[in-house]
Amino acid sequence: MPTAFEARVLKSPNRFASAPAIALTAQQKRLIRESVLKLEPAFDLVGQLFFMKLYRLDPAFRDRFAGTPETQGRKFMAALKLAIVSLNYEDGLAPTLRLLGIRHRQLGIKIRHYRMMTKALLWTLEQSLEKRFTRETKDAWSTLLTQITRTLSGGDAALLRSVGGTAA
């Protein structure tokens, strides 16, 4: 059930205005989907590995995300899978990312944190996929994560104003 704020965002006629689409080539999407399919049998472990790496890079992340690495890993991998499915739809991912970015801001997440998360995820993918994490696959993931970071971290001030919120 959405919060009152999320309900206002969802009802807002401007909710998709300025929500940038995630632009990837068909080849990049294919490489990302294939790599996720290879990980799927071990999703829980991959998610845990990601959070353990993230916590090693910056222990302060433990305080930002409630729950164990196992719980956070499951949530993260479910969100990652949803993101990959959303790549099939022109504007399916960007509005969701913008809402997530607002929530993350409330947790004190900044651009540097997204960069650290990107570093942790790329490391996790490299460790998990080993030789199957080719240069082309890494480039596709890097492109996707850069665009996700831009969407999560920017441009939500207009969205907040359009639904009666305040920009942080």
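**Chatting through the helices**

Me: Hi! Which residues are buried in H3?

Reply: In H3, the buried ones are Phe43, Val46, Gly47, Gln48, Phe50, Phe51, Lys53, Leu54 and Tyr55. Buried means under 20% relative accessible area, exposed is over 50%, and partly exposed lies in between (1.4 Å probe, protein chains only). Helices are DSSP runs of H or I with at least four residues, numbered from the N terminus. This is a predicted model, where local features need pLDDT of at least 70, side-chain atom pairs count only at pLDDT 80 or more, and totals for chains, interfaces and linings use all residues. Residues are numbered from 1 along each chain as its sequence is written, and side-chain values use heavy atoms, leaving out hydrogens and water.

Me: Thanks! What covers the buried residues of H3?

Reply: The cover includes helix H2 (26-39), helix H4 (61-64), helix H5 (69-86) and helix H7 (111-129).

Me: And how many residues does H3 have?

Reply: H3 has 15 residues, 43-57. From first C-alpha to last, H3 reaches 21 Å, close to the 21 Å expected at 1.5 Å a residue. The expected span is 1.5 Å times one less than the number of residues.

Me: What about H5, which residues are buried there?

Reply: In H5 they are Pro69, Gln72, Gly73, Met77, Leu80, Ala83, Ile84 and Ser86. Their cover includes H2, H3, H4 and H8. H5 has 18 residues and reaches 25 Å, close to the 26 Å expected.

Me: New topic: at what angle do H2 and H8 pack?

Reply: About 100°, with their axes 9 Å apart. The axes are lines fitted to C-alpha atoms over the stretch in contact, and angles run from 0 to 180 degrees between N-to-C directions. H2 and H8 are therefore roughly perpendicular, a label for 65 to 115 degrees.

Me: Which residues make the contact?

Reply: From H2, they are Gln28, Leu31, Ile32, Ser35 and Val36, and from H8, Glu136, Thr137, Ala140, Trp141, Thr143 and Leu144. Contact means heavy atoms within 4.5 Å.

Me: Where is Glu130 found?

Reply: Glu130 sits in the loop between H7 and H8. Glu130 has a positive phi of about 50° although it is not a glycine. Its relative accessibility is 59%, so Glu130 counts as exposed.

Me: Last one: is Gly154 buried or partly exposed?

Reply: Gly154 is partly exposed, at 26% relative accessible area. You can find Gly154 in the loop between helix H8 (135-153) and helix H9 (156-162). Gly154 touches Arg98 and Arg105, not counting residues up to four places away in sequence. The C-alpha atoms of Gly154 and Ile102 are separated by 9.5 Å, with the two residues 52 apart along the chain.

Note on methods: Helices (H or I, at least four residues) and strands (E, at least two) are DSSP runs, numbered from the N terminus. Angles under 35 degrees count as roughly parallel, over 145 as roughly antiparallel, 65 to 115 as roughly perpendicular and the rest as oblique.
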